Every structure is written in structure tokens, then in C-alpha cells.
Amino acid sequence: MTRSREVYLLDPQVYPQETIAVAFAKTSRSPESFKKNADELTGESSAEFNEKWVVGYGHSSVAEHAVLHIAVENISRLAVECLESNRLASYTEKSTRYQKWNSDDFHIPDEFNDDQSRKIFQDTCKELFSLYDRALPLVIDSLDEETPIVSGESPARRKRILLTAAGDVCRFLLPVSAFANVGMTINARALEHAITKMLSHPLQEVRALGNEIKEISRVSLPTLLKYANEQASLTDTSGFFESLRINNLHYVDPLTPGAYLRSYDQDAEELILIAAIMRYQNVSYAQSRNFVNNLTVDQKKDLLSHLTGNLKDHDIPIRELEYGNFLFEVVLDEGAYLELKRHRMMAQTPSPFTPSFGYAIPRQFQKAGLLDEYISIMQMVQKSYEELSAYSQHAAAYILPNAFNRHVLLQSNFRSLFHFLSLRTAPNAHFSMRRIAHQMADQVKNVFPGLGNFLRINQTENANEIEEKFFQKV
């Protein structure tokens, strides 16, 4: 019998999310249409199915068909780190570039529940926000003086450009206790994992956030999130490794801010070419490898050019570029790290946020006549951090502004790196992130001139030029 193709939506305004998940799951054994399966289901029967198959038998992929859009407002940037650490979700958050913070727009951690610690924390935050508020118009004026007037540019557009540029500079003063709003789209399987991580987190704010997200989400997902709880193994692991004593640290040279390629697949180019050939040719791995190993340098370059050199601006590279990994150790200011963490296809391991790696000084603060105040307040923050650490080492991080440097280990395959470097070396990317991205690109090109030649990066500047132009100190 001839059947016509059908494509339609199971509307979440008509069917509950758990019912949609079950309707999709039943297609593996039911000959009926998705719509008929959905129409025959009730909230009770959907819950029974999920309890038996998802919870009881571990068929967790079913939960991926249930999707929620969750609005989270007035949480700290530090809490956002945990919330956005989930790879299989989509996020949009309040931008430090396009919005201005008020003097009381920050979270006060419950860990500082006595008068003395709370006063230290609040006084330091207020000083940071006060300088942020005073700095914005002064930085705008200094940028106005040095920014050429573009013919035909309207006053309104020029004002927006100057405000954006000033926001990029003044964000260095915002502490990670500053409030953020985040819109999150996530499926039930990933959400269960996200909630589990939050409930197992050392910060009280994050644990409370996990409980609130669980409660509001269970209205739509009563069964699928039923067993999202604290995971003892996570707290046990963190407790064990935090208690380790690491000796001989003074024998290691101090790490300066920047990006360092620590390890990479020596045969990354060959692996990528072998995979690409196997995708389009009916050959074995051994046959493909033998073919690639007998190519000249120019022949390999020609093959690579047909993988990346023909891509238009919005084209997506083929997945075979994922064969070949690069491991970087990066020290960058917290503001830049908050952008780096959005690239969740990378494996990223941030170290605890402390003042250990110093702080960056944007050159614009000197031009605006604020350098001494800036340095003074950073020194005050360091003192406050030390005092607050006696109350809670984890919560003391809330006091640190975006200027302080963050230490991150990250691993990326070439495909993800290709996208990241294209985006983060672009002229409209933040100057902190552009500097790091250019350093990473330079090191990839150094070890793989052929492959690196096809990276899509902004050629109008380099890392040293960015540092000289935008930073007094990194």
C-alpha cells in the first residue's frame, strides 16, 4: 500500500511534555501514528510508562523528548557557571556589554551569615559597583576622544558603539556575585543531570537553585525528575581531592596569563584525512591510512583544502574534522572565561576561582584617569577575599570581579576549535577573548602548518597587538 509522507508537530500546548516523550517512545513497538499514541495517553498512563521504562529499566533516552524552557532571574554569575556547565542545553544570558548594573544588583551569599563577614562582603561589593558606576561615563568620554567620527554615522549609533565599548572595559569591575538572568532550554534527561549537579554543589545558592528548578519543572515533568537528588559520589570526590596536599609547588615556574598548547594528536592531519576518505570511499582504515601515508605534503594540503577551504561563512564543516584533539592550559580574565565556557562541546576544567593568578588591567582605565583607583580596589578585593576565606573558601570567590584571572584546562577537537577561533577572533568579539583565541590559533598553526592554514581567523590583528592596544597588564 502506498503511504504519503507526513510531517507534523506534537504541540506542547496540546500534550504534556511527558506524554510527548511517551508517544515518541512507543513508536518502537506500536504501529500506530505518533498522534494516535499521544491521544490515547493520559497523564497517569504516561507517568506509569516513564516510571517503568525510564526510571525502572533505565531507558533514559525517552526523557530527551520532553523539553522545558526555564527562565532563571537574579542569580549570581558564579551560580551561572554551574547552571551552564551542561553540554546538552541552550542558554541566553544578560550581557555585560549591552546592559548596565545598578549598585545593589548582586547576590549576598548565605555562607556569610554573621555581621562581620556580611559587612566585609557588602562593603567590598558596594565599592566595586560604585567605581563601576563612576567609571562608565569617564571611559565613554576617553573612548569618544580617541574614536574617529565616521562619515554619515548618526549620533545615536555612535552613542551605542561607545556604550558597548565602555561596557567591555567596565565589566572588569563587576564581581561574580553580580546578578544575571538566564533563559535555558533543556530536555528532561539533561535537566535531571543538571539538577543533580546543582544539589551536589558546595555553594548554598546553587543548591537552593537546584531545588527551585526541580520543583517548578516537576509541574511539567512529575515522573522524569522524581529521582533527581544529591549525588553522594560527587561530594565525596570533591571532598577527597580538595583535601589533597600538593607538594613542591615552588619548584614549578609560575604560570603567566595566556594560552598554552600542552598536548595534541601528533597525527591529527592524517586521522582527519583517513576519516574523510572512509566517509566517501568504500575502503578500510588500513587502506585509507596507507593511501594518506603515501601522499606528499602538497597532496595532503590539497585534500585538506577540500575539507575547509571551500566553506562559506555559515557553512558547517563535516564531522570528520573531529578526529584530532588539542589540549590547552589557559589563564584568562574571568570575563573572558564566562565567554569561553559557552563553547560546551569542548571539555573544560576550570580550577577554583581565587586571586592566585592576579588580575588584568585594561589600558582604558589609565586613559580615563582611573588607574590608581582601579589598582587600589583590586588590592582591597584581595584583602577581602583572604578575610572571607576564613568563613567559606568556596563562597569567598563571590567577591572576585571579572578582572581576576581564571585557570582552565580545555580539550577540543579540530572541528570545535575551527568554530571557536572563527567566532572569537572576529572583530566584534571581546578583546580579552580575541587575544586568547589568536594565541591558540598561532600554536595550532605552528604544529600543523597545513591544517592550521585553513583556520578561519581574523587576519587584521594578532595577540601581541591586542595586548599592547587594550591592556596595561594581563
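**Salt bridges, domains and buried residues in a predicted model**

The structure, a predicted model, holds 25 salt bridges.

Trainee: Into which domains is the protein chain divided, and which of them is domain 4?

Mentor: The protein chain has 19 helices and nine strands. Its division gives domain 1 (1-65), domain 2 (67-96 + 179-241) and domain 3 (97-177 + 361-399). The remaining one listed is domain 4 (258-352 + 405-473).

Trainee: What area is buried between domain 2 and domain 4?

Mentor: The centres of domain 2 and domain 4, taken over C-alpha atoms, are 30 Å apart. Ten residues from domain 2 and ten residues from domain 4 take part in the contact. Carbon and sulfur atoms give 42% of the buried area, which is about 760 Å².

Trainee: Which residues of domain 2 lose the most area to domain 4?

Mentor: The area buried between domain 2 and domain 4 is about 760 Å². On the side of domain 2, three residues together account for 69% of what that side buries. They are E81, E84 and R87.

Trainee: How many salt bridges are there between domain 2 and domain 4?

Mentor: Six residue pairs are in polar contact across the interface of domain 2 and domain 4. The side of domain 2 that touches domain 4 has three nonpolar, two polar and five charged residues. Between domain 2 and domain 4, the count of salt bridges is three.

Trainee: Why does the pair of R189 and E64 tie together parts that are apart in sequence?

Mentor: R189 forms a salt bridge with E64, and their closest N and O atoms are 2.6 Å apart. R189 is partly exposed at 37% relative accessible area, and E64 is partly exposed at 34%. Because R189 lies in helix α7 and E64 in the loop between α3 (43-56) and β1 (67-76), the pair ties together parts whose separation in sequence is 125 residues.

Trainee: In which helix do K35 and D39 both lie?

Mentor: K35 and D39 form a salt bridge, with the closest N and O atoms 3.0 Å apart. K35 counts as partly exposed at 43% relative accessibility, and D39 does so at 46%. The two are four residues apart, about one turn of the helix, and both lie in helix α2 (residues 34-40).

Trainee: Is M198 buried or exposed?

Mentor: M198 is found in helix α7 (residues 188-199). Leaving aside neighbours within four places in sequence, M198 is in contact with C82, L83, V206, R207, L209, G210 and I213. Buried means under 20% relative accessible area. M198 has a relative accessible area of 1%, so this residue is buried.

Trainee: Is H107 buried or exposed?

Mentor: H107 lies in the loop between β2 and α5 (115-146). Residues up to four places away in sequence not counted, H107 touches S76, F121, S177, F179, E205 and Y398. The relative accessible area of H107 is 16%, and H107 is therefore buried.

Terms used:
Residues numbered from 1 in each chain as written. Predicted model: local features only at pLDDT ≥ 70, side-chain atom pairs only at ≥ 80, totals over all residues. Heavy atoms only, no water. Domains from an automatic or database assignment. Contact = heavy atoms within 4.5 Å. Buried area = accessible area lost by both parts, 1.4 Å probe. Salt bridge = Lys/Arg side-chain N within 4 Å of Asp/Glu carboxyl O. Polar contact = N/O pair within 3.5 Å; in protein donor to acceptor, adjacent residues only side chain to side chain. Nonpolar A, V, L, I, M, F, W, Y, C, P; charged D, E, K, R; others polar. Buried < 20%, exposed > 50% of the residue type's maximum accessible area, 1.4 Å probe, protein only.
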